[in-house]
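This report is meant for a reader who is meeting the structure for the first time. Please look over the sequence and the model before going on to the sections below.

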Amino acid sequence: MLGSLTLRRALLLCALSGLAAPLVAQEGDRSGAEVYKQLCVVCHGENGDGKGLIQLDRPARSFRDGGFSFGNTKEAISRTVAAGIGGTPMPGFASMLSESELEAVAEYVIAFGPERPPSPDAAMQLQVLDRPVVVRGHLPRVAPNAPDHPRGLLVGTLDGLSWEYAADDLRLLAVRQGAFVSREDWKGRGGTPLKPLGRIVHLRAGGTPMTEFTPMYPQHIASAVGVSLAYTRQLKATEIRDGRAWIEARIMKKEQPIATVREAGEAFSLSTVAGYRRTFEIERHTDAPLLFMAHYSNKGIVEQLPLDNAGFLCFVREGEDSGTVYFVQTRTVLDYHADENGVSIGVPADARTAGFAVNVLPLPSGAQEAWAQIKKEVMP
Ligand code: HEC
């Protein structure tokens with residue numbers, strides 16, 4: 001049967017065997033070996049060499065050489081296993097494993113690898129330990145053709161993700177995963193950029209996304225005559241609340257505040273794909289039109305599906321068989337729109353406050369199959 005299992009069937013098998021055991025930590029938390037056998041062997045192989053039962057386009061990592069892109073400590077690996085790895089077949093297991101099972105399977109995975117020498121002195125390396133960390137500073141370019149950001153904001157969250165924002169207008173540039181940041185600026189020479197250490201799991205619009213809060217659909221702005229209608233987004237404060245880092249900003253139309261927006265990010269996964277979630281809380285100060293551009297492109301929407309009044313699901317094509325799924329969940333009734341220009345969410349003028357979450361699931365090749373799976377899981 002080797003190699004003949006489809007990815008979906010294999011995942012179903014491992015999900016079932018996982019569910020056969022209690023979800024909530026009870027007296028019998030499974031050992032690292034048991035968890036590994038039930039949930040990981042199918043892709044990573046009996047002895048951790050990455051040769052599992054199923055063939056993946058993007059092979060699962062061999063644990064035998066010990067080179068982990070997202071950190072090699074027990075803490076780092078259990079975070080990776082909980083969150084999954086966006087844009088790869090590695091799903092997140094946060095809802096299936098208890099804290100102690102995560103740690104146990106992380107230790108089990110580490111044991112496949114070689115003895116590790118103690119890590120070199122990392123005096124400048126800033127880690128995210130028990131609370132999110134927010135760092136302001138000069139961010140280097142996230143992609144060869146993207147600009148650097150002398151006023152950047154880097155947020156490290158507890159799930160091992162880091163979030164790079166251009167601080168002048170708080171556009172999210174990229175989401176990384178792994179170690180947090182090296183404070184090269186601590187070397188004492190002014191202007192030295194920070195060095196984010198994580199691997200990019202989602203680069204937004206090639207590292208140059210357009211402004212996110214706008215009065216109307218962007219191509220209409222471009223064709224509007226007269227004064228510029230674009231809004232700016234000014235950073236007001238950052239706050240750690242409920243273990244999350246909230247970024248507070250004011251949306252301004254020239255000198256006039258239109259709304260206050262709070263945003264927090266975290267890992268998000270469904271049973272077969274991993275990604276991230278941006279949660280927004282909006283408080284309006286005027287009834288000026290207000291639109292959030294979750295995505296802007298001219299690549300084309302493959303499919304969009306409303307979820308009653310609770311949000312929508314849509315798939316944007318990016319390559320032959322790759323793309324990004326946006327799964328928007330709303331607390332209040334919002335207007336949404338997806339077409340070849342992008343994916344946007346409108347806050348109705350009569351809504352004083354609004355809340356929504358944008359879940360982003362970057363899909364590697366094999367996106368069509370993943371999309372079918374996501375629809376099944378999300379649609380009521
Ligand atoms: C559906 C297949 C699949 C399953 C099931 C799976 N993985 Fe993975 N895993 C992958 C793939 C693919 C990668 C490599 C991703 C990449 O390209 O970086 C990976 C990468 C990893 C990494 C490497 C992270 C790093 O720092 O480089 C760890 C650790 C890991 N998996 C642990 C686990 C554990 C523990 C389980 C079971 C609880 C598990 N995986 C289940 C497919 C899977």
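## A351 and the basis of the model

A351 is found in the loop between β19 (342-347) and β20 (353-363), where helices (H or I, at least four residues) and strands (E, at least two) are DSSP runs numbered from the N terminus. At 12% relative accessibility, A351 counts as buried, a term that means under 20% relative accessible area, with exposed being over 50% and partly exposed in between (1.4 Å probe, protein chains only). A351 and I282 are 69 residues apart in sequence, and their C-alpha atoms are 9.4 Å apart in space.

The model is predicted, and local features need pLDDT of at least 70, side-chain atom pairs count only at pLDDT 80 or more, and totals for chains, interfaces and linings use all residues. Residues are numbered from 1 along each chain as its sequence is written, and side-chain values use heavy atoms, with hydrogens and water left out.

## The iron site

H44 (NE2) and M90 (SD) coordinate the iron atom of the ligand at 2.0 to 2.1 Å; donors are N, O and S atoms within 2.8 Å of the metal (3.2 Å for Na, K and Ca), and water is not among the atoms, so sites may look incomplete. H44 lies in helix α2 (residues 32-44) and M90 in the loop between α3 (74-83) and α4 (99-112), so the pair ties together parts that are 46 residues apart in sequence. Both H44 and M90 are buried.

Why is the arrangement around the iron atom octahedral? The six donor atoms subtend angles of 88 to 179 degrees, which makes the arrangement octahedral, since six donors count as octahedral if opposite donors are over 155 degrees apart and all others between 65 and 115.

## Around the ligand

Of the 27 residues around the ligand, C40, C43, H44, R58 and M90 come nearest, and a residue is counted here if one of its heavy atoms lies within 4 Å. C40 is buried, with a relative accessible area of 13%, and C43 is buried as well, at 14% relative accessibility. The structure holds zero disulfides, a disulfide being a pair of cysteine sulfur atoms within 2.5 Å.

An oxygen atom of the ligand is 2.8 Å from a backbone N or O atom of F70, and an oxygen atom of the ligand is also 2.8 Å from an N or O atom in the side chain of R199.

## Helix α3

Seven of the ten residues of α3 are buried, so this helix is largely enclosed by the rest of the structure. The buried residues are A76, I77, S78, T80, V81, A82 and A83, and what covers them includes α4, β5 (171-177), β12 (256-269) and β13 (274-284), with contact meaning heavy atoms within 4.5 Å. After α3 comes G84, whose phi is positive, near 75 degrees.

## Two further buried residues

T157 is found in the loop between β3 (149-156) and β4 (161-166), and T157 is buried, with a relative accessible area of 4%. Leaving aside residues up to four places away in sequence, T157 touches V128, P132, W163 and G265.

M252 belongs to strand β11 (residues 244-253) and is buried, with a relative accessible area of 9%. Its C-alpha atom is separated by 5.4 Å from that of Y231, 21 residues apart along the chain. Not counting residues up to four places away in sequence, M252 touches Y231, T232, Q234, P257 and I258.

Definitions and conventions:
Four donors count as tetrahedral if all angles lie between 85 and 135 degrees; four count as square planar and six as octahedral if opposite donors are over 155 degrees apart and all others between 65 and 115; anything else is irregular. A polar contact is a pair of N or O atoms within 3.5 Å; within protein, one must be able to donate a hydrogen and the other to accept it, and residues adjacent in sequence count only if both atoms are side-chain atoms.
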